[in-house]
Amino acid sequence: MRNIIVEQPISSVNTMYRDILVIGAGALGLSSALHLKRLNPEKSVLVVDRLGGPGQGNTAKCAGIYLNLATTELNFSLCDSTIDWFHHLQDDLGHRLNLTQYGYLYLLDGDRHRKLKQPIETARSIGVDIKTYDREELESMLPDLATKFGEEETELMGLKPIEAGVLATRCGNIDADALTRSLESEFLKLGGELSYNTTAETLTIKPQKEIGIDGEPFVWQDIRIAGAETSRGEIRAETTVVAAGTWSERLLDPIGFDPLMRPKSRSIFVFNDPRLRRLRDAKGFSESGLLPFTSIPEIRVYLKVEPSEGSIWLGCADDFGRRYGLEDDPQPERGLYENDIYHALVKYLPCFQDLRPLNSWTGQRAINRVDKTPVVAPAPGMIYVGSATGYGVTKSDALGRTVAAAYAGEEEAELYGGRRIRVADLGIENRKKVKETFKV
Ligand SMILES: Cc1cc2nc3c(=O)[nH]c(=O)nc-3n(C[C@H](O)[C@H](O)[C@H](O)COP(=O)(O)OP(=O)(O)OC[C@H]3O[C@@H](n4cnc5c(N)ncnc54)[C@H](O)[C@@H]3O)c2cc1C
C-alpha cells in the first residue's frame, strides 16, 4: 500500500510551510526530491502532483529506453552515471526495474553512415562502447531486414537501402513506472512527504524583503518565489523546485521565466504478432537474445522490444513538420501509422505487412531546440529542472543531483559514481555550448 504522507488536508485557512516544495512527481521531480532530502535530512521536502501517483505524466508514456550514446562529455556523463544508478537501485537496493541491456542499433544508409563516422569516433573517444556491422552481417543477423531496393523504393519513394549498423551497447529497457515508484519509496524512507491530486495553480511571488504595504511586490523591489497556491491551499516554501515537465510553462510563463522548452507530441504503437517473433528474437547483438532498440533514421522510425510482454513498440521520431503546443491529453494522429509510417516501414521490414497496432498512445516531449540538452536553472527562491528533449528518464538521476547541488549553491554536482559536472553548464545564462550529434 502506498504511504502517502500529507494526512491533514492542506487548507487555504492554514497555510502550510515547508523548506522545499517540489512541483511534479515524474522522473525528474522525484529524483530531485530524493537527492534534496538525502543531502539535507533536516529540511522538510514536500512533493505535490496533480495526478494520483508517481510518474503518471509523460514519464508513464515514454518508451522506457536508457542509453549513453553521446558525442559530448556532458551528455555522456548525465546518461552513463544515471545508468550506473539504475543498476544500484536494482542490484543493491532491490528495486525491480526490469533493466534489459540490448543495445541501441542505428540502421544507416551509405550517406548517413559516412557522415556519422567522425561522430562515432568522437563518441568512442569519450567512452561509448560502439560496434559496427556491415550489410552482410546485418543480413545474416536480421533476416527480416530488406537491404536491396527496386525502382519503386529508390526512384518513387526516395528511400535508401541500409548499408551499415552502428550499435551502442550500453543501452536497453527500463520500466519507467517501476523507476518512479522506487524513487518515491527511497524518498519516503528518508522522511520525504508527498501530496498527490494536488495541483500547483500559480507560483507565489514575494518581495525578498517585505515592508508590509498593500500591493507588494512593487517593481522596484527584488522578488523571489515563495511557494505556490495549490488546489488544496497555499504552500509556502523557502525553495520551490518546478519539475512539472511540459506543463512547467503554465507556471513559468506568468512569472516571465523562459525554460528554453516547448512541448511536442510523439506517439508509440504496440504490435504483438507471431510474424514479428523472428525480428524480436534477433540473436547475436547482446546476451539478451533480443532485437536491440533499433532506429531507422531514413524513415524516422524506431522499434523497441518490451521484454515484459514480448511486444514490439514502434515510435515515430518526426520533428520538423510536427507542431509545438502543450496538450493535456494528446492522442495519436489519425492514420499516422496506417496511412503514413506503414508504407515505408514495410519496405525495410516486410514482416510488418498487413499488421495493425494493438494499442497506441501519445505523450509530449519537452524540447530544448537550442542544444537538446536539459536545463537546471535557479532563480530567486526557485529551481527549474526539465527541457530534457525526450531523454529525461535516461538522465534523471544526474539531473536530480544537479538540482541538489544548485540548491546548496555549489559550483559542481557530483554524479553517481563520482564524476563531476559544472552546475552552470545546464543553466540558462552561462550555459555550456553543446553540439550533440546523436539525439541524447
Ligand atoms: C513518446 C515518448 C517516448 C519517450 N521515450 C523516452 C525514452 O525512451 N527514454 C527517456 O529517457 N525519455 C523518453 N521520453 C522522455 C521522458 O518521458 C521525459 O523526458 C521524462 O519523463 C520527463 O520527466 P519529468 O519528470 O520532467 O516529466 P513528467 O513525467 O511529465 O512529470 C511532470 C509531473 O508534473 C505534474 N504536474 C504538471 N503540472 C503540475 C501542476 N501545476 N501541479 C502539480 N503537478 C503538476 C504532472 O502531473 C507530472 O506527473 C519519451 C517521451 C515521450 C513523449
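How far is an oxygen atom of the ligand from a polar backbone atom of Leu28? In this predicted model, the distance between that ligand oxygen and the polar backbone atom of Leu28 is 3.0 Å. Of the 1000 Å² of accessible area that the ligand has on its own, the protein covers 95%. The points below describe the shell around the ligand and then helix 1, which supplies at least two residues of that shell.

**Surroundings of the ligand**
- The ligand is surrounded by 34 residues, and the closest of them are Asp49, Asn58, Thr59, Ala200 and Gly392.
- By residue class, the shell consists of 14 nonpolar, 15 polar and five charged residues.
- At least two residues of the shell come from each of helix 1 (27-39), helix 2 (58-61), strand 13 (262-271) and strand 17 (359-367).

**Backbone contacts with the ligand**
- Asn58, which is one of the closest residues, places a backbone N or O atom 2.9 Å from an oxygen atom of the ligand.
- Ala200, also listed among the closest residues, has a polar backbone atom 2.8 Å from a nitrogen atom of the ligand.

**Helix 1**
- Helix 1 is mostly covered, with eleven of its 13 residues buried.
- The buried residues of helix 1 include Leu28, whose backbone has the polar atom 3.0 Å from a ligand oxygen, and among the others are Ser31, Ser32, His35 and Lys37.

Notes. Residues are numbered from 1 along each chain as its sequence is written. This is a predicted model: local features need pLDDT of at least 70, side-chain atom pairs count only at pLDDT 80 or more; totals for chains, interfaces and linings use all residues. Side-chain values use heavy atoms; hydrogens and water are left out. A residue is near a molecule or strand if one of its heavy atoms lies within 4 Å of it. A polar contact is a pair of N or O atoms within 3.5 Å; within protein, one must be able to donate a hydrogen and the other to accept it, and residues adjacent in sequence count only if both atoms are side-chain atoms. Accessible areas come from the Shrake-Rupley method with a 1.4 Å probe; for residues, only the protein chains shown count as cover. Helices (H or I, at least four residues) and strands (E, at least two) are DSSP runs, numbered from the N terminus. Ala, Val, Leu, Ile, Met, Phe, Trp, Tyr, Cys and Pro count as nonpolar, Asp, Glu, Lys and Arg as charged, and the others, Gly among them, as polar. Buried means under 20% relative accessible area, exposed over 50%, partly exposed in between (1.4 Å probe, protein chains only).
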